[in-house]
Amino acid sequence: MKILAAALVICSLLMAHVVTGKNVLILLGDDVGFQFGAYGNTKIKSPNVDALAKRSLLFKNGFTSVSSCSPSRSVVLSGLPVHQNGMYGLHHGVQHFESFNGVKSLPVILQKHDILTGIVGKKHVGPDTVYKFDYEVTEEHYDLNQVGRNITCMKGYIRNFLQQAKNSSKPFLLYIGIHDIHRCGYNGKLGDFCENFGDGMTPGTGVIKDWKPEVYKPEDVEVPYFLPDTPATRSDLANMYKTYSRFDQGVGLFMKELEDAGFADDTLVIFTSDNGIPFPLAKTNLYDPGQGEPFMVSSPVHKETWGKKTDAMASTMDIVPTVLDWFSVPYPQHELNGNKVGLTGKSLLGALKPKPVDPAFDYVYSSHVFHEVTMYYPMRVYRTKQMKLIHNLNFRAPYGLATDLYMNPTFLDILNRTESGQPLPWITTLKKYYYRDEWQLFNLTSDPYEVDNQAGNQDYQDILKDMKNKLNQWLVDTHDPWRCLPDDELEGRVCYPMDNRK
């Protein structure tokens with residue numbers, strides 16, 4: 001079905017429905033971290049996200065499957081790790097990564113069960129035939145800042161979709177990809193985070209009618225433990241905080257549209273982000289600042305969980321199983337590259353029970369291959385509540401830097417201080433950031449900041465062996481073509497030694 005041209009058009013969908021009285025809204029942030037009152041930040045104003053937390057179960061242990069934009073979104077929509085779905089890196093420009101044509105994505109699965117699907121905002125995945133929604137308002141047809149950051153513009157498209165859903169009497173999935181708080185690139189007067197876009201205060205940047213910007217001073221911000229507390233970092237964070245105010249007010253607007261359309265009492269709301277904030281040790285990394293994400297699930301039929309917090313571990317790989325469970329839709333049997341495909345995530349509806357006992361809530365996996373095409377640094381991660389194991393397959397090479405993670409005030413200050421020998425109050429050094437051990441094992445109870453690698457500690461060898469085995473089994477189950485590297489070559493289903501350490 002062809003959807004919008006330039007103007008908003010209301011379409012009636014007349015096909016009979018299978019599922020009634022249940023809908024899903026996914027709110028996905030872009031590089032959004034834990035800068036919310038609901039997650040303990042006392043310096044920022046986030047009344048709308050905090051309000052959502054009061055009507056949600058808040059996960060204290062939420063994680064992304066991969067800390068990179070397109071790969072992460074492919075996992076959200078396919079339920080498969082990137083090494084299995086084929087979206088190894090970014091989708092746009094020279095990156096040009098795409099999922100395999102045979103991937104069964106969430107919107108396509110739901111469409112076969114007469115569930116209306118819509119996306120407003122950032123999509124950033126391909127091919128289009130795999131990730132096809134009935135209703136699409138994305139960067140593929142419009143300016144991304146307008147449909148991803150202009151919350152007034154987004155509100156209109158969301159209202160239109162909800163009206164179509166009401167006219168059709170069909171259940172729906174609405175996926176809103178908010179582009180904040182992603183850095184802005186080389187946009188000059190728009191600011192490093194596009195924080196001046198539509199603020200009504202900066203000449204030539206327009207006005208977003210529904211946004212009342214919150215402006216912060218460098219001394220107002222909370223510097224997270226993984227960043228150096230320097231003037232450059234504080235100024236950078238202050239600009240990011242201003243963008244958070246647009247994000248937060250957008251969440252409030254979109255939730256109000258859901259309520260005004262009469263869907264608040266029958267819609268499951270899932271709130272999370274694609275990866276960590278765009279700073280060193282966070283975005284593109286699988287240390288906790290990059291792997292950890294805000295994560296909330298608001299169920300209208302589990303109101304007893306509203307305003308509560310859980311230690312259960314949630315992953316973006318769990319979103320597809322959760323939505324399918326909500327709609328009582330089975331995952332289709334199929335193959336990819338000659339291998340049978342099954343979901344390894346779990347339904348988060350199980351966490352809404354009084355005392356979830358499923359051991360699947362005690363661990364998560366992550367998998368990373370590329371971000372930009374020049375950043376080949378595959379990582380595989382197995383994390384429990386107490387321990388984390390990271391396998392850096394390309395450990396002999398320096399860790400790569402994304403464009404927006406290099407060309408920003410915080411990193412350039414780190415670089416300049418390192419080169420000039422100035423004091424650098426950072427949790428690590430630039431050399432340690434670039435060059436990492438092949439295996440990194442962290443005791444998160446005694447070392448929550450992931451500083452001391454225990455992989456070589458004899459006291460941890462039994463734990464290391466057990467975690468390696470569990471990680472490898474997941475890689476086998478998900479048909480990871482990298483699973484034998486860096487020492488062995490995968491031929492068929494067998495790893496053969498290469499004797500390449502000499």
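Which strand pairs with strand β15 in the antiparallel sense, and over how many bridges? I looked it up: β15 (residues 488-491) pairs with β16 (residues 494-497) over four bridges. Two strands pair if DSSP finds at least two bridges between them. Strands (E, at least two residues) and helices (H or I, at least four) are DSSP runs, numbered from the N terminus.

I noted the ground rules next. The model is predicted, so local features need pLDDT of at least 70 and side-chain atom pairs count only at pLDDT 80 or more, while totals for chains, interfaces and linings use all residues. Residues are numbered from 1 along each chain as its sequence is written, and side-chain values use heavy atoms, with hydrogens and water left out.

**Hairpin**

I went back to β15 and β16. They form a hairpin with two residues between them. Glycine 492, in the turn, has a positive phi of about 65°. Aspartate 488 stands opposite proline 497 in β16.

**Open sheet**

I traced eight strands in an open sheet, in the order β4-β3-β5-β1-β6-β7-β2-β8. The pairing is mixed. β4 (135-138) and β8 (308-315) are the edge strands, each pairing on one side only. From one strand to the next the twist averages 15°.

I then checked β6 (residues 267-273) against β7 (residues 295-298). They run antiparallel and are joined by three bridges. Isoleucine 270 has valine 297 in β7 as its bridge partner.

Two helices on the sheet went into the notebook. Helix α2 (residues 69-78) touches β1 (23-29) and β5 (172-177), and its direction makes about 170° with that of β5. Helix α7 (residues 231-260) touches β1, β5 and β6, and makes about 170° with the direction of β1. Contact means heavy atoms within 4.5 Å. Axes are lines fitted to C-alpha atoms, for helices over the stretch in contact, and angles run from 0 to 180 degrees between N-to-C directions.

**Helix pair**

How do α1 and α7 cross, and at roughly what angle? The axes of α1 (residues 47-54) and α7 come within 7 Å and cross at roughly 50°. The two are therefore oblique to each other. Under 35 degrees counts as roughly parallel, over 145 as roughly antiparallel, 65 to 115 as roughly perpendicular and the rest as oblique. On the α1 side I listed Pro47, Asn48, Val49 and Leu52. Residues of α7 in the contact include Phe247 and Met255.

**Pockets and cavity**

A cavity is a set of points where a 1.4 Å probe fits but cannot get out; a pocket is an open set with protein on both sides within 12 Å along at least five of seven lines; lining residues have an atom within 4 Å of a point. Points are joined across faces, edges and corners, and a volume is the space filled by probe spheres set on them.

The largest pocket holds about 670 Å³. Its lining has 28 residues, with His92, His179, His182, Arg183 and Gly185 closest to the centre. α5 (144-148) and α10 (403-406) each supply at least two lining residues.

The second largest pocket has about 540 Å³. Of its 22 lining residues, Phe34, Tyr225, Phe226, Asp288 and Pro289 lie nearest the centre. β2 gives the most to this lining, four residues.

I found one cavity of 30 Å³ or more. The largest cavity has about 90 Å³ of space. Strand β11 (residues 363-368) gives the most to its lining, with three residues. Trp474 is one of the lining residues.
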